[in-house]
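Please open the structure in your viewer and keep the sequence panel beside it. The tour below moves from one selection to the next and says what can be found at each stop.

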Amino acid sequence: MVSLLLVSSSLLGAPDSVAKEISAIRRAYGSIQSQAHKFSQVERTLFGYSAEGTGIVAYRDAKGRVRKIVVTDMGDTGQLVTEYFFQGDKLFFVFRQWIR
């Protein structure tokens with residue numbers, strides 16, 4: 001199962017503005033994904049958050065800005081992976097998927 005959450009107040013506007021906003025989100029998401037291998041990574045493990053453990057990886061660009069955070073919750077029946085994408089200092093997109 002895949003869940004998408006678009007984070008934007010402008011998505012409540014006219015259809016043309018919604019299409020433009022979604023296009024901008026797709027471009028920013030694609031840019032981060034294509035550059036992720038260049039970013040520095042900081043990994044942490046949270047204990048007590050989920051039954052089997054939770055891993056967090058933060059991706060920082062050359063200027064030290066967080067561009068992406070991946071949270072992986074381990075469970076008995078699979079993993080819940082949530083990716084948070086940032087532009088500047090603002091969250092603009094969340095991608096969540098359940099992996100069995």
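Throughout this tour, a contact means that heavy atoms lie within 4.5 Å. This is a predicted model, in which local features need pLDDT of at least 70 and side-chain atom pairs count only at pLDDT 80 or more, while totals for chains, interfaces and linings use all residues. Residues are numbered from 1 along each chain as its sequence is written, and side-chain values use heavy atoms, with hydrogens and water left out.

**The whole chain**

Begin with a cartoon view of the protein chain, which has 1 helix and 6 strands; here helices (H or I, at least four residues) and strands (E, at least two) are DSSP runs, numbered from the N terminus. Followed from the N terminus on, the elements come in the order β-α-β-β-β-β-β. If you switch to a surface view, the accessible surface comes to about 6,700 Å², of which 55% belongs to carbon and sulfur atoms; such areas come from the Shrake-Rupley method with a 1.4 Å probe, and for residues only the protein chains shown count as cover. Of the 100 residues in the chain, 30% are buried, where buried means under 20% relative accessible area, exposed means over 50%, and partly exposed lies in between (1.4 Å probe, protein chains only). Among the contacts with a separation of 6 or more, 25% are between residues 24 or more positions apart.

Next select β5 (78–87) and β6 (90–99), which run antiparallel and are joined by 9 bridges; two strands are taken to pair if DSSP finds at least two bridges between them. The hairpin has 2 residues between its strands, and G88 takes a positive phi near 65° there. Within the pairing, F85 has F93 in β6 as its bridge partner. Although L80 and W98 are 18 residues apart along the chain, their C-alpha atoms are separated by 4.6 Å.

**The nonpolar core**

Now show side chains for I32, F39, Y59, F85, F92 and F93, which touch the most other members of the largest nonpolar core, a group of 13 residues. A nonpolar core is a set of buried Ala, Val, Leu, Ile, Met, Phe, Trp, Tyr and Cys residues joined through side-chain atoms within 4.5 Å. The elements giving two or more residues to this core are α1 (15–35), β3 (54–60), β5 and β6.

Centre the view on I32, which is found in helix α1 and is buried, with a relative accessible area of 0%. Leaving out residues up to four places away in sequence, I32 touches F39, R67, K68, F85, F86 and F92. F39, in turn, is in contact with I32, Y59, R60, D61 and R67, once its neighbours within four places in sequence are set aside.

**The charged pairs**

Side chains of opposite charge can pair when their charged atoms come close. A search of the whole structure finds 3 salt bridges, a salt bridge being a side-chain nitrogen of Lys or Arg within 4 Å of a carboxyl oxygen of Asp or Glu.

Select D61, R65 and R67 together, which are linked in a network of salt bridges. The closest N and O atoms of D61 and R65 are 2.7 Å apart, while the salt bridge between R67 and D61 spans 3.9 Å, N to O.

Finish at K68 and E83, whose side chains meet in a salt bridge of 3.3 Å, N to O. Because K68 lies in strand β4 (residues 66–75) and E83 in strand β5, the pair ties together parts that are 15 residues apart in sequence. E83 is buried, with a relative accessible area of 12%, and K68 is buried too. Around E83, leaving aside its neighbours within four places in sequence, the residues in contact are Q33, K68, I69, V70, F93, V94 and F95.
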